[in-house]
Structures are given as C-alpha cells and as structure tokens.
Amino acid sequence: MKRGALIIGLIFVFTSSIQSQSISSNTEIKADKYLAKQDYVKAAKLYEQLQDKVPEARILLKLARLYYEMGSVPVAYQYYQRVIDKKYLTVSDDFLRFAELSTLMNSPEQALYWVNQFLDRNPRNEPAQNLLFQLQSSRRDFRAMDLKPEADEEPLVEGTLLTLKSAKHAQVYVLTDQR
C-alpha cells in the first residue's frame, strides 16, 4: 500500500514538473513573438513572469536586451549586471550594449572593460572605436587636470568623482564633461 502511494506521488510530481516546463515554454514562445513584433511592453511582462521559473540566465539576457531597446537605461543595466553575475554574457554585441549602458550609468572603468572585450572580437567596429576614444579621452582629461599641487597622492578617479589627498586634507570633485 505504501509503495503504491509513493509511486502515485512520484508520478504526480513528475507530471507537474512537465506541465510547468510546458507552460514556461509556451510563455517564452509568446514573449518571443511579441518581441519580434516590437511589442516590448507585452514581451517584458511575459519575460518577467518567467525570470524566476526558468533557471537559465537567457530570460535575464532577453530582458536586458529588451529594456535596452526600450531605452530604459537603469533597468537594462541591472539586468545585464545580473547576466554578468551569472557568467552568461558571451555575445559580443551585448558587450558593446553593456559598455554603452555603463557609460550612461557613470561607470567609465566598467565601460572601458566591456568596450575592449567587444573590440577584441570586432576590431574594426567604428561605433565601438568611437566609444573607446571617448572613454579614453575622458580619463586623460580628468587625470590631466591641474587642481591642487599640494596633493601627496595620485588623483583617484571613481566614476564621476575625483579625490585628491594630502597630509592635511582630502578634496573630492565631481567631474563633468565640458565639451
């Protein structure tokens, strides 16, 4: 009797698992169709429903790309960050997208890393070369600033903050692009 209940229980769990996978698969197919039609809002809603049900990071990557296309910079940036944390970012076009988002989110060092990753695979890509030039120029501009000669240490640049330290005090400047 106990053995029969155990078998029935296992069959129920297995059947439920298959149904759940089928529903997730159908939802992803619907979301993909909305995405193809550029109905980003409907696609995002369905992908967001799936992100906790589908263990792979592919749904997170689809959400990152979708929000990038929608121009929702902070949300796209967060999804790309989650994809990177799961070590799922492998497509070079996504490297450039994340570099652009990092620039917009005031993370120039991160942007530099990802644009270089992209250029390693696509060395002749002009938009990426332009972004790299822009990032490198910004770094040179910030580091070449003649601010306080009494600073004891090299200037420290973190995002848009420049810190100068001396034995007596520290100064923090907010850097802006003055072009």
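## Basis of the model

Local features in this predicted model need pLDDT of at least 70 and side-chain atom pairs count only at pLDDT 80 or more, while totals for chains, interfaces and linings use all residues. Residues are numbered from 1 along each chain as its sequence is written, and side-chain values use heavy atoms, with hydrogens and water left out.

## Overall make-up

The protein chain holds seven helices and three strands (DSSP runs, H or I of at least four residues for helices and E of at least two for strands, numbered from the N terminus), and their order from the N terminus is α-α-α-α-α-α-α-β-β-β.

Of the 179 residues in the protein chain, 32% are buried (under 20% relative accessible area, with a 1.4 Å probe and protein chains only). The protein chain exposes about 12100 Å², of which carbon and sulfur atoms supply 54% (Shrake-Rupley method, 1.4 Å probe).

## Packing of helices 5 and 6

Helix 5 (residues 92-104) packs against helix 6 (residues 108-121) at an angle of about 160°, and their axes lie 8 Å apart (axes are lines fitted to C-alpha atoms over the stretch in contact, and angles run from 0 to 180 degrees between N-to-C directions). Helix 5 is therefore roughly antiparallel to helix 6 (an angle over 145 degrees).

By class, the contact of helix 5 with helix 6 has nine nonpolar, five polar and two charged residues.

How values were computed:
Angles under 35 degrees count as roughly parallel, over 145 as roughly antiparallel, 65 to 115 as roughly perpendicular and the rest as oblique. Ala, Val, Leu, Ile, Met, Phe, Trp, Tyr, Cys and Pro count as nonpolar, Asp, Glu, Lys and Arg as charged, and the others, Gly among them, as polar. Buried means under 20% relative accessible area, exposed over 50%, partly exposed in between (1.4 Å probe, protein chains only).
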